[in-house]
Amino acid sequence: MKILKLIAVILLPLVLLSACSSTQSLQEYFVDSSENPNFLSADLPVSLLNLEKVDLNAEEKDALASLQKLNVLAFKKAADNAMEYDVEKKKVKAILKRDKFNELMRMNTSYGKATIKYLGENDAIDEVIIYGDNKEKGFLLVRVLGDDMNPAHIMQFIKAIQKSDYKGEGLGELGEFIRG
């Protein structure tokens, strides 16, 4: 009987530890990184983008209505944190490679390379993730949270932002990072 108790005492913690996932979620990454001085982070309402002042078509207005908020996390690269930049960039890419994220598109922009991915079903997206990096400046990670978004809404939202010519006004240091 003592042997069974000993085995149970040894095996129970091992079973519990193996049952817990050791992989970090994107939300956990945002929370953990927000305290790191190399990161700039903000939770933004969609209204901050001032898109109501832009002449939007009906599709763009529908897209805007399906969005709720943006979680923004930016790693500002400097000479003294280049190694940490590489480590953090690998962490983010590993999280985004997981099967649950569906790729919507890849882009090469004047700021650097970007990828847009999403969670959820094709016709009811729960979250859109925009990741972009630039070897000199760092990387930007945006979680777009909304209600029953769809890929067409995301494309319309991107078009609306382009129409607005929004450059990060009102975001302080994060806005400066975006304007670059």
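Buried means under 20% relative accessible area, exposed means over 50%, and partly exposed lies in between (1.4 Å probe, protein chains only). The legends below describe a predicted model, in which local features need pLDDT of at least 70 and side-chain atom pairs count only at pLDDT 80 or more, while totals for chains, interfaces and linings use all residues. Residues are numbered from 1 along each chain as its sequence is written, and side-chain values use heavy atoms, with hydrogens and water left out.

**View 1. Overview of the protein chain with its six helices and six strands.** Helices (H or I, at least four residues) and strands (E, at least two) are DSSP runs, numbered from the N terminus. Starting at the N terminus, the order of elements is α-α-β-α-β-α-β-β-β-β-α-α. Of the 180 residues, 39% count as buried. The accessible surface is about 11100 Å², and carbon and sulfur atoms hold 56% of that surface; areas come from the Shrake-Rupley method with a 1.4 Å probe, and for residues only the protein chains shown count as cover. Contact means heavy atoms within 4.5 Å. Among contacts with a separation of 6 or more, 62% are between residues 24 or more positions apart.

**View 2. The salt bridge between Asp133 and Lys93.** A salt bridge is a side-chain nitrogen of Lys or Arg within 4 Å of a carboxyl oxygen of Asp or Glu. The structure holds four of these pairs. For Asp133 and Lys93 the N to O distance is 3.9 Å. Asp133 lies in strand 5 and Lys93 in helix 4, so the pair ties together parts that are 40 residues apart in sequence. Asp133 counts as buried at 11% relative accessibility, whereas Lys93 is partly exposed at 35%.

**View 3. Glu88 and Lys91 within helix 4.** Helix 4 spans residues 82-97. The two residues are three positions apart, about one turn of the helix, and their side chains meet in a salt bridge of 3.4 Å, N to O. Glu88 is buried, with a relative accessible area of 7%; Lys91 is partly exposed, with 37%. Leaving out residues up to four places away in sequence, Glu88 touches Tyr29, Ser33, Phe39, Phe75 and Phe139.

**View 4. The salt bridge between Arg143 and Glu127.** The N to O distance here is 2.6 Å. Arg143 belongs to strand 6 (residues 138-149) and Glu127 to strand 5, and the pair links distant parts of the chain, 16 residues apart. Both partners are buried: Arg143 has 9% relative accessibility and Glu127 has 10%.

View 5. Val144 is buried, with a relative accessible area of 2%. Its contacts, apart from neighbours within four places in sequence, are Leu67, Lys69, Leu70, Asp126, Glu127, Val128, Ile130 and Met149. The C-alpha atoms of Val144 and Asn71 are separated by 6.6 Å, although these residues are 73 apart along the chain.

**View 6. A negative surface patch of Glu121, Asp123, Asp126, Asp147 and Asp148.** Patches are made of residues with over 30% relative accessible area and no salt bridge; like charges are joined within 9 Å, and nonpolar side chains (Val, Leu, Ile, Met, Phe, Trp, Tyr) within 5 Å. Lys and Arg count as positive and Asp and Glu as negative, with His and the chain ends not counted. A charge is placed at NZ of Lys, CZ of Arg, CG of Asp or CD of Glu. Asp126, one of the patch residues, is found in strand 5 (residues 124-134).
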